[in-house]
Amino acid sequence: ETVSDNVALIRRRMRDDRLRVERLTLGERSRTRVVLLYLMGIATPELVQEVRTRVGRIQIDAVLGSGYIEEMVEDNPFTIFPLLKVTERPDVVTAGLLEGKVALLVDGTPHAVLMPSTLVAEMQSAEDYYHRWPISSFVRSLRYLYLLIAFLGPSIYVAVTTFHHELIPTNLLVTLIAAREGVPFPAVLEALMMELTMEALREAGVRLPKVVGQAVSIVGALVIGESAVQAGLVSPVMVIVVALTAISSFIIPLYAMSLAVRVLRFVLMILA
């Protein structure tokens with residue numbers, strides 16, 4: 001996508017003569033066009049100057065996408081959490097400009113980068129602003145709840161079933177013991193196997209053609225989960241926990257945040 005088309009999409013929604021568009025060129029060999037957008041009078045001059053300084057000091061052979069710039073202007077490039085908000089929607093960029101943020105567009109990529117960003121902004125969806133406030137508030141609260149489930153679900157299951165049986169009600173504990181009877185692996189190994197299988201199915205579904213990929217992901221998860229339970233390799237409760245965790249990961253609006261949660265989930269399982 002050409003950067004001029006993306007700027008035009010924002011100008012259609014922001015008919016204000018205070019909208020500033022600064023054009024830069026990055027990449028000694030690619031000579032990629034980069035555009036900074038902000039609203040004069042709303043975005044603070046200190047923020048605009050800081051963004052201008054950080055982008056201007058980038059020295060690289062080629063800029064092939066917004067991700068290159070994103071990693072070079074962050075405070076901590078080694079974190080796995082997204083520090084800037086990346087979006088493909090012009091209305092989200094326009095809303096960010098109205099909040100005093102600075103947007104960055106790169107020629108050849110459909111993604112815009114909004115800076116600065118916070119965890120609350122990463123968990124917001126554009127549809128939240130188009131619904132009535134009770135509905136949007138309920139959906140946002142639900143999103144945070146399932147963020148915790150996606151982050152801590154398998155690790156809490158491993159910790160409770162392995163070390164803290166007293167936290168489980170007696171009737172539920174009897175059910176869990178009956179479900180895990182005959183499973184040859186400890187809970188942590190069981191969780192790691194199922195989570196790795198789910199991640200493999202998810203990546204396979206992305207790489208396969210669109211029509212086949214969805215079918216392989218759904219059918220593969222059902223067949224492998226059912227077969228693993230019948231073979232006695234995993235317990236039915238673990239399949240439920242992994243399935244709920246996978247669903248919770250898809251509720252997170254920003255894909256980069258979902259990736260960070262998926263990676264740290266394995267670390268927490270081992271710690272648990």
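Me: Let's start with leucine 36. Is leucine 36 buried or exposed?
Reply: Leucine 36 is buried, with a relative accessible area of 3%. Bear in mind that this is a predicted model.

Me: OK. Where does leucine 36 sit?
Reply: In strand β2.

Me: And which residues is leucine 36 in contact with, leaving aside neighbours within four places in sequence?
Reply: Arg20, Val21, Glu22, Leu24, Val51, Arg52, Val102, Ala103 and Leu104.

Me: Let's move to the largest nonpolar core. Which of its residues touch the most other members?
Reply: Leu26, Val51, Ile69, Val102, Leu104 and Met115, out of 20 residues in that core.

Me: Which elements give two or more residues to this core?
Reply: β2 (32–39), α2 (45–56), α3 (66–73), β4 (102–106) and β5 (112–115). The largest share is from α2, with 4 residues.

Me: Met115 came up there. What about the peptide bond from methionine 115 to proline 116?
Reply: That bond is cis, with omega near -5°. Proline 116 itself is in the loop between β5 and α5.

Me: Is arginine 31 buried or exposed?
Reply: Exposed, with a relative accessible area of 54%.

Me: Zooming out now. How many helices and strands are in the chain?
Reply: There are 11 helices and 5 strands. The C-alpha atoms fill a box of roughly 70 × 45 × 35 Å, taken along the principal axes.

Me: What share of the chain counts as buried?
Reply: 39% of the 272 residues. As for contacts between residues at least 6 apart in sequence, 66% join residues at least 24 apart.

Me: Helix packing next. How do α8 and α11 pack?
Reply: Helix α8 (residues 187–207) and helix α11 (residues 255–271) pack at an angle of about 155°, with axes 10 Å apart. Angles over 145 count as roughly antiparallel, so α8 is roughly antiparallel to α11. The crossing is left-handed.

Me: Which residues meet there?
Reply: From α8, Val188, Ala191, Leu192, Glu195, Leu196, Glu199, Arg202 and Glu203; from α11, Tyr255, Arg262, Arg265, Phe266 and Met269. By class, that contact has 7 nonpolar, no polar and 6 charged residues.

Me: And α6 against α11: at what angle do their axes cross?
Reply: Roughly 20°, and the axes come within 8 Å. Angles under 35 degrees count as roughly parallel, so α6 is roughly parallel to α11. The crossing of α6 past α11 is right-handed.

Me: Which residues make that contact?
Reply: Leu147, Ala150, Phe151, Leu152, Pro154, Ser155 and Val158 of α6, with Val261, Leu264, Arg265, Leu268 and Met269 of α11. The contact of α6 with α11 has 10 nonpolar, 1 polar and 1 charged residues.

Me: What is glutamate 190 in contact with, beyond neighbours within four places in sequence?
Reply: Arg180, Val183, Phe185, Leu233, Val234, Ser235 and Met238.

Me: Last one, alanine 126. Where is alanine 126 found?
Reply: In the loop between α5 (119–122) and α6 (133–163). Alanine 126 counts as buried, at 13% relative accessibility.

Me: And which residues does alanine 126 contact, leaving aside neighbours within four places in sequence?
Reply: Arg89, Asp91 and Val92. The C-alpha atoms of alanine 126 and valine 55 are separated by 27 Å, and the two are 71 residues apart along the chain.

How values were computed: Residues numbered from 1 in each chain as written. Predicted model: local features only at pLDDT ≥ 70, side-chain atom pairs only at ≥ 80, totals over all residues. Heavy atoms only, no water. Axes fitted to C-alpha atoms, helices over the stretch in contact; angles between N-to-C directions. Parallel < 35°, antiparallel > 145°, perpendicular 65-115°, else oblique. Left-handed = near helix turned anticlockwise from the far one by under 90°. Contact = heavy atoms within 4.5 Å. Nonpolar A, V, L, I, M, F, W, Y, C, P; charged D, E, K, R; others polar. Buried < 20%, exposed > 50% of the residue type's maximum accessible area, 1.4 Å probe, protein only. Core = buried A, V, L, I, M, F, W, Y, C linked by side-chain atoms within 4.5 Å.
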